[in-house]
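Colleague: Please take a close look at one part of this model for me. I would like a single connected account.

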Amino acid sequence: MNTFEKGEAIRSTIQHLENEHQLIHEVLSKLKYAESAGLNNNIREMLLREFYKCIDFHFTSEENIMLIFDLEGYHEHKKEHDTLRYKLAELIGSFNTEEADLSELDVFTTNWLEEHNKNSDSKLAGRLKKKLH
Ligand SMILES: [Fe+2]
Ligand SMILES: [Fe+2]
């Protein structure tokens, strides 16, 4: 990758990661709506699956970016992502056996994402921008 291509790749990556953060919040809003409107378990399960895919895609994007551009902190960052992946997968599993309550997940996920974005994702973006110079 020459310097120009690398710069372009980094700039477009930064934009994509921001868009993905936005998308995660949109899907989370739908999930909150489904919960507050008391939509049936089937619909809520489908939304939770959409949310999981969206989260997993985004986390994998970030992890791959860290590998491609050789950014510091890959293992710690992936470990944090895996915590949320595990929690969501566990909740999806519970839909088979019970009427799952998503309100706890709303609070947990919103707080988790806020904290993760403020700390780990900001560091990632900072390290990525440094690679531009
Ligand atoms: Fe992240
Ligand atoms: Fe992120």
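Modeller: A residue is buried if 20 or more other C-beta atoms lie within 10 Å of its own, exposed if 12 or fewer, and partly exposed in between, with C-beta atoms placed from the backbone. Helices (H or I, at least four residues) and strands (E, at least two) are DSSP runs, numbered from the N terminus. This is a predicted model: local features need pLDDT of at least 70, side-chain atom pairs count only at pLDDT 80 or more, and totals for chains, interfaces and linings use all residues. Residues are numbered from 1 along each chain as its sequence is written.

The protein has four helices and zero strands. The part to look at is helix 2, residues 41-68. Its 28 residues should span 40 Å at 1.5 Å a residue, and its end C-alpha atoms are 40 Å apart, which agrees. That expected span is 1.5 Å times one less than the number of residues.

Buried in helix 2 are Arg44, Leu47, Leu48, Phe51, Ile55, Phe59, Glu62 and Ile65. The largest nonpolar core has 10 residues, among them Leu47, Leu48, Phe51, Ile55 and Phe59. Such a core is a set of buried Ala, Val, Leu, Ile, Met, Phe, Trp, Tyr and Cys residues joined through C-beta atoms within 7 Å. Helix 2 and helix 3 each give two or more residues to this core. Helix 2 gives the most, with five.

After helix 2 comes Asp70. Asp70 sits in the loop between helix 2 and helix 3 (74-94). Its phi is positive, about 50°, although Asp70 is not a glycine. Asp70 counts as exposed because it has 9 C-beta neighbours inside 10 Å.

Terms used
Chains lettered and ligands numbered in written order.
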